[in-house]
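Please read the following report alongside the sequence and the coordinates. It takes up the fold, the dimensions, the surface and the core in turn.

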Amino acid sequence: QVQLVESGGGLVQPGGSLRLSCAASGIIFSINGMGWYRQAPGKQRELVAAITSGGTINYAHSVKGRFTISRANGENTLYLQMNSLKPEVTAVYYCNVLGWKNNWGQGTQVTVSS
């Protein structure tokens with residue numbers, strides 16, 4: 001079955017960096033567009049970064065220039081490099097195949113606080 005396992009979150013001070021990873025199994029990773037989503041307390045889940053199978057990348061306006069999405073098809077892994085972190089990015093971060101509404105993993109908590 002499909003498994004998406006996110007890791008790399010944590011508590012970081014404003015201005016710090018984190019690198020999130022998403023290990024995928026049960027799918028042909030290389031042919032799927034993938035996305036990083038986040039859900040802050042009391043808010044809906046939103047897409048923050050996306051990368052197609054061909055490598056086309058898009059970011060939410062709020063993270064453009066500070067987040068970098070990448071993928072390692074040979075390792076079935078999706079990454080999100082997060083720099084210059086601000087408290088407002090605090091959320092649980094998830095990865096998923098673009099357009100999928102289910103098969104969510106457990107997510108990884110990112111907390112930016114001094």
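## Order of elements

From the N terminus on, the elements of the protein run β-β-β-β-β-β-β-β-β-β, and the secondary structure of this predicted model accordingly comes to 10 strands and 0 helices. Among contacts between residues at least 6 apart in sequence, 54% join residues that are at least 24 apart.

## Dimensions

The C-alpha trace spans about 40 × 25 × 20 Å along its principal axes. For 114 residues a compact globule would have a radius of gyration near 13 Å, and because the protein has 13 Å, its value agrees with that expectation.

## Surface and charge

The accessible surface of the protein comes to about 5,900 Å², and carbon and sulfur atoms account for 48% of it, while 41% of the 114 residues count as buried. The side chains include 9 positive and 4 negative ones, and the centres of these two sets lie 6 Å apart.

In soluble globular proteins, nonpolar side chains tend to be buried together. Here the largest nonpolar core has 30 residues, and those with the most contacts inside it are Trp36, Leu78, Leu80 and Tyr93. At least two residues of this core come from each of strands S3 (18–25), S4 (34–39), S5 (46–51), S7 (67–72), S8 (77–82), S9 (91–97) and S10 (108–112).

Tyr93 illustrates how such contacts reach across the sequence: leaving aside its neighbours within four places, Tyr93 is in contact with residues including Glu6, Leu20, Trp36, Val48, Phe67, Leu80, Met82 and Val110.

Methods:
Residues are numbered from 1 along each chain as its sequence is written. This is a predicted model: local features need pLDDT of at least 70, side-chain atom pairs count only at pLDDT 80 or more; totals for chains, interfaces and linings use all residues. Side-chain values use heavy atoms; hydrogens and water are left out. Helices (H or I, at least four residues) and strands (E, at least two) are DSSP runs, numbered from the N terminus. The radius of gyration is taken over C-alpha atoms; the globule rule is 2.2 Å times the number of residues to the power 0.38. Buried means under 20% relative accessible area, exposed over 50%, partly exposed in between (1.4 Å probe, protein chains only). Contact means heavy atoms within 4.5 Å. Accessible areas come from the Shrake-Rupley method with a 1.4 Å probe; for residues, only the protein chains shown count as cover. Lys and Arg count as positive and Asp and Glu as negative; His and the chain ends are not counted. The place of a charge is taken as NZ of Lys, CZ of Arg, CG of Asp or CD of Glu. A nonpolar core is a set of buried Ala, Val, Leu, Ile, Met, Phe, Trp, Tyr and Cys residues joined through side-chain atoms within 4.5 Å.
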